[in-house]
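The following exercises ask the reader to work from a sequence and a structure. Each task is followed by a solution in steps.

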Amino acid sequence: MRVGIVCPYSFDVPGGVQFHVRDLAEHFIGQGHEVSVLAPADSETALPEYVVSAGRATAVRYNGSVARLNFGPVSAAKVNRWLDHGEFDVLHLHEPVTPSISVLALMAADGPIVATFHTSMLRSRTMQTAYPIVRPSLEKISGRIAVSEDARRTVTTHVGGDAVVIPNGVYVDRFEHARRRAQWTGTPTRPTIAFLGRMGEPRKGLPVLAAALPAVLDAVPGLRVLVAGPGDPAEVTEGMPDRVVAAMEFLGAVSDEDKAVLLASADVYVAPNTGGESFGIILIEAMSAGACVLASDLSAFWRVLDGGTAGALFRNEDPEDLAASLLTLLAEPDRRRRLATAGQARARQFDWSVVADRIMAVYETVIEGRMAARQGARTGWTRLLRGGDR
Ligand SMILES: Nc1nc2c(ncn2[C@@H]2O[C@H](COP(=O)(O)OP(=O)(O)O[C@H]3O[C@H](CO)[C@@H](O)[C@H](O)[C@@H]3O)[C@@H](O)[C@H]2O)c(=O)[nH]1
């Protein structure tokens with residue numbers, strides 16, 4: 001099958017949608033399909049050979065985050081060229097209502113179209129401006145996927161119609177096989193906790209973790225807080241107490257291999273995110289690596305952690321509750337192990353081998369539906385030209 005996938009966010013920075021698109025493309029290529037991905041990227045960014053750059057992206061504030069998108073006539077021309085050249089059997093757009101190359105592709109494309117909604121909130125100003133332009137084209141989408149119930153609710157409430165829920169995928173084995181590294185492994189007096197993500201974005205919750213740390217450090221002065229991900233440590237630590245900053249070790253953006261090792265090594269993986277998460281791909285990664293997860297009780301996270309059986313939860317944006325939950329986990333290695341084992345078992349459901357088959361089934365349904373509609377139209381015309389079937 002010839003598959004065209006459009007990713008609206010730039011491949012210059014790590015992000016859930018980008019990784020979802022990359023992994024899905026590689027899974028289908030591994031199965032023998034022909035896949036081309038169109039995504040924004042800087043000219044210096046090294047891209048896999050199946051990715052076509054849609055040009056440099058502009059940073060836009062969106063969904064409590066900074067999205068790197070591109071839009072406009074130059075991008076539209078690139079999208080059109082890619083579509084003409086690709087002759088895809090199916091076009092898979094991600095975030096089709098975010099003003100981006102996904103919208104441009106939706107407006108220009110003709111043929112079977114599948115769209116995946118990753119967002120759990122659409123009420124942004126950027127979104128509201130774009131929505132009236134996009135709305136007429138939304139009817140062209142014949143297969144709608146939402147990555148979670150939260151993302152699906154966004155579709156039913158703000159976009160109209162429904163979507164089938166197919167979660168984000170993870171290559172579970174890659175994380176499961178990661179071995180601990182002494183440098184990041186905790187000891188009884190110097191336990192390690194890990195945070196990973198775009199730390200400069202408040203919704204990723206580093207300030208909530210920082211606010212919880214004084215109470216945790218009172219009880220566990222040797223605690224090491226390993227902070228990985230893109231962002232400027234000087235900026236994010238501004239105004240934090242010295243001893244909190246001293247407990248933090250900034251690793252910067254890490255490779256995929258180091259990410260898996262870090263998650264496997266830390267005593268607890270903390271996800272203090274405050275909102276805007278549709279799923280929480282990072283939780284599945286941590287669970288796959290065998291980490292004990294402690295996450296805020298956002299509904300998306302609650303679902304991924306199966307209501308707290310596959311990882312612990314604390315009250316969102318409540319540093320006191322975070323500190324108390326973390327201290328309990330640090331004091332109870334058996335509980336940590338139980339949660340980690342349950343988490344690793346649960347993560348299997350989100351392996352690409354399961355998730356990609358479900359996405360392929362949507363592609364097939366959409367392609368068959370299109371062929372049936374064409375056939376129906378042809379039969380209708382034939383009957384009409386023959387003067388009906390009487
Ligand atoms: N290798 C590496 N990966 C990183 C780094 N920083 C972040 N990532 C990866 O980037 C991905 C997602 O990051 P998040 O910050 O958790 O999510 P997001 O980009 O806001 O993604 C949104 O869409 C996802 C996909 O549907 C959702 O899962 C997520 O909840 C959110 O709505 C995860 O795979 C995470 O491991 C890094 O320094 N290095």
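**Exercise 1.** How many residues surround the ligand, and which are the closest?

*Solution.* The model is predicted: local features need pLDDT of at least 70, side-chain atom pairs count only at pLDDT 80 or more, and totals for chains, interfaces and linings use all residues. Residues are numbered from 1 along each chain as its sequence is written.

Step 1. A residue is near a molecule if its C-beta atom, placed from the backbone, lies within 6 Å of it. The ligand is surrounded by 29 residues, of which Gly-15, Gly-16, His-118, Phe-279 and Ile-281 are the closest.

Step 2. At least two residues of this shell come from each of helix H1 (16-30), helix H10 (256-265) and helix H11 (281-288). Helices here are DSSP runs (H or I) of at least four residues, and strands are runs (E) of at least two, numbered from the N terminus. H1 gives the largest share of the shell, 4 residues.

Step 3. By class, the shell holds 12 nonpolar, 11 polar and 6 charged residues. Ala, Val, Leu, Ile, Met, Phe, Trp, Tyr, Cys and Pro count as nonpolar, Asp, Glu, Lys and Arg as charged, and the others, Gly among them, as polar.

**Exercise 2.** Into which domains is the protein divided?

*Solution.* Step 1. The division gives domain 1 (2-169 + 351-382) and domain 2 (172-349), with bounds from an automatic or database domain assignment.

Step 2. The centres of the two domains, taken over C-alpha atoms, are 31 Å apart. Their contact takes 22 residues from domain 1 and 18 residues from domain 2; two residues are in contact if their C-beta atoms, placed from the backbone, lie within 7 Å.

Step 3. Each domain also supplies at least three residues to the shell around the ligand.

**Exercise 3.** At what angle do H11 and helix H14 pack?

*Solution.* Step 1. H11 and H14 (residues 333-347) pack at about 115°, and their axes are 7 Å apart. Axes are lines fitted to C-alpha atoms, for helices over the stretch in contact, and angles run from 0 to 180 degrees between N-to-C directions.

Step 2. H11 contributes Ile-284, Met-287 and Ser-288 to the contact, while H14 contributes Gly-343, Gln-344, Arg-346 and Ala-347.

**Exercise 4.** What is the strand order of the open sheet of 6 strands?

*Solution.* Step 1. The order is E12-E11-E10-E13-E14-E15, with parallel pairing; two strands pair if DSSP finds at least two bridges between them.

Step 2. Strand E12 (248-252) and strand E15 (312-314) are the edge strands, each pairing on one side only.
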